[in-house]
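Have the sequence and the 3D view at hand while reading.

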Amino acid sequence: MNPTTMHPAPPLPEDLTGLLRRMRLPYLRAAAPEVLATAKAQRWDPTEVLRVLLSEEIRGRDEATKAMRRKAAGLPAGKTFNSWREHDSSIPAPTQSALAGLEWISRAENLAITGPSGTGKTHFVEALAHNVIDAGMRVSWFTLESLTAAITRAGADNSVNKVIARITRAELIVVDDIGMLPSGQAAAEAFYRLVDATYERRSLAVTSNLHPAGFDTIMPKTLATAAVDRLLHHAHVIVTEGTSLRLTEATAGRGVIPLH
Ligand SMILES: Nc1ncnc2c1ncn2[C@@H]1O[C@H](COP(=O)(O)OP(=O)(O)O)[C@@H](O)[C@H]1O
Ligand SMILES: [Mg+2]
């Protein structure tokens with residue numbers, strides 16, 4: 001409905017629709033009837049018409065790219081800063097906002113968040129990941145298991161380099177939850193390869209209940225040491241503490257919606 005005339009905007013002439021299809025301008029085409037009707041009613045300058053139409057196309061494309069990247073990133077739970085309570089986190093507020101500003105990503109610095117289970121490590125990193133995508137960049141999200149599976153699968157058909165290249169196209173690569181279970185040679189190799197490929201080139205964020213310096217207790221020592229050495233060279237190391245928010249919510253009966 002056109003707000004000025006209160007009538008539905010007239011459709012575009014068919015030949016014009018054809019031209020816009022041919023030029024692949026779907027968002028401009030969708031917006032054009034309304035924009036043209038408003039422009040006519042309000043006697044817009046032609047420059048303004050062109051500006052508004054092209055801006056619509058660009059906005060639509062940017063949105064579509066972000067939606068695609070959000071899907072491709074494989075983020076776990078859809079948690080963002082909207083549902084994040086800054087003051088419930090043991091991470092100092094200035095640190096939170098500095099990280100949310102993402103400058104460390106443009107410097108290809110790493111992030112290691114370590115602390116007990118339930119202290120918001122995954123939620124915080126996922127919220128950062130959403131910010132990264134909103135800022136027009138890409139994210140690849142893994143657990144150590146899914147990373148190991150991806151690299152091992154690639155190893156079977158000699159495409160490890162290709163897979164690593166694809167993963168490291170993202171500006172932020174996440175390996176969530178290292179060290180819940182002891183991991184073997186394959187996991188250590190996969191992790192080492194990723195750390196090496198991203199070193200000084202891309203940001204890598206890891207979460208773990210262990211400090212990275214202790215990764216050699218859950219992975220073969222030589223690989224773990226080499227990986228952690230590179231990981232920590234340019235890294236922000238953040239320690240979360242406190243009791244599990246999961247447990248607090250569960251014992252307060254806030255973990256579920258009552259069944260009746
Ligand atoms: N500061 C916070 N604000 C809002 N929710 C939080 C916060 N910290 C933790 N949570 C919630 O508590 C639960 C556990 O957090 P999670 O990030 O999975 O912990 P971890 O990865 O450290 O084990 C999740 O449901 C998460 O959304
Ligand atoms: Mg977690």
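At what angle do helix α9 and helix α10 pack, and how far apart are their axes? This is a predicted model, and in it α9, residues 185-198, packs against α10, residues 221-233, at an angle of about 25°, with the axes 9 Å apart. An angle under 35 degrees counts as roughly parallel, and α9 is therefore roughly parallel to α10. The crossing of α9 past α10 is left-handed.

The α9 side of this contact consists of Ala188, Glu189, Phe191, Tyr192, Val195 and Asp196. Facing them in α10 are Leu223, Ala224, Ala226, Ala227, Arg230 and Leu231. By type, the residues of this contact divide into 9 nonpolar and 3 charged, with no polar ones. The spacing of such residues along a helix has a simple background: an α-helix has 3.6 residues a turn, so residues three or four places apart point the same way.

Helix α2 (residues 26-41) packs against helix α3 (residues 46-73) at an angle of about 150°, and here the axes are 9 Å apart. Angles over 145 degrees count as roughly antiparallel, so α2 and α3 are roughly antiparallel to each other. α2 passes α3 in a right-handed crossing.

From α2, the contact takes in Pro26, Tyr27, Leu28, Ala31, Ala32, Val35 and Ala39. The α3 residues they meet include Val49, Val52, Leu53 and Leu54, as well as Glu56, Glu57, Arg59 and Arg61. Gly60 of α3 also belongs to this contact. Sorted by type, the contact of α2 with α3 has 11 nonpolar residues, 1 polar and 4 charged.

Of its 9 residues the number buried is 0, so α1 lies largely in the open. Just after α1, Arg24 takes a positive phi of about 50°.

The remaining points concern the protein as a whole. It has 11 helices and 5 strands. The radius of gyration is 24 Å, well over the 18 Å that the globule rule gives for 260 residues, so the protein is more spread out than a compact globule. Along the principal axes, the C-alpha atoms fill a box of roughly 70 × 50 × 40 Å. Buried residues account for 28% of the 260. Among contacts between residues at least 6 apart in sequence, 81% join residues at least 24 apart.

Note on methods:
Residues numbered from 1 in each chain as written. Chains lettered and ligands numbered in written order. Predicted model: local features only at pLDDT ≥ 70, side-chain atom pairs only at ≥ 80, totals over all residues. Axes fitted to C-alpha atoms, helices over the stretch in contact; angles between N-to-C directions. Helix = DSSP H or I, 4+ residues; strand = E, 2+ residues; numbered from the N terminus. Parallel < 35°, antiparallel > 145°, perpendicular 65-115°, else oblique. Left-handed = near helix turned anticlockwise from the far one by under 90°. Contact = placed C-beta atoms within 7 Å. Nonpolar A, V, L, I, M, F, W, Y, C, P; charged D, E, K, R; others polar. Rg over C-alpha atoms; globule rule 2.2 N^0.38 Å. Buried ≥ 20, exposed ≤ 12 C-beta atoms within 10 Å, placed from the backbone.
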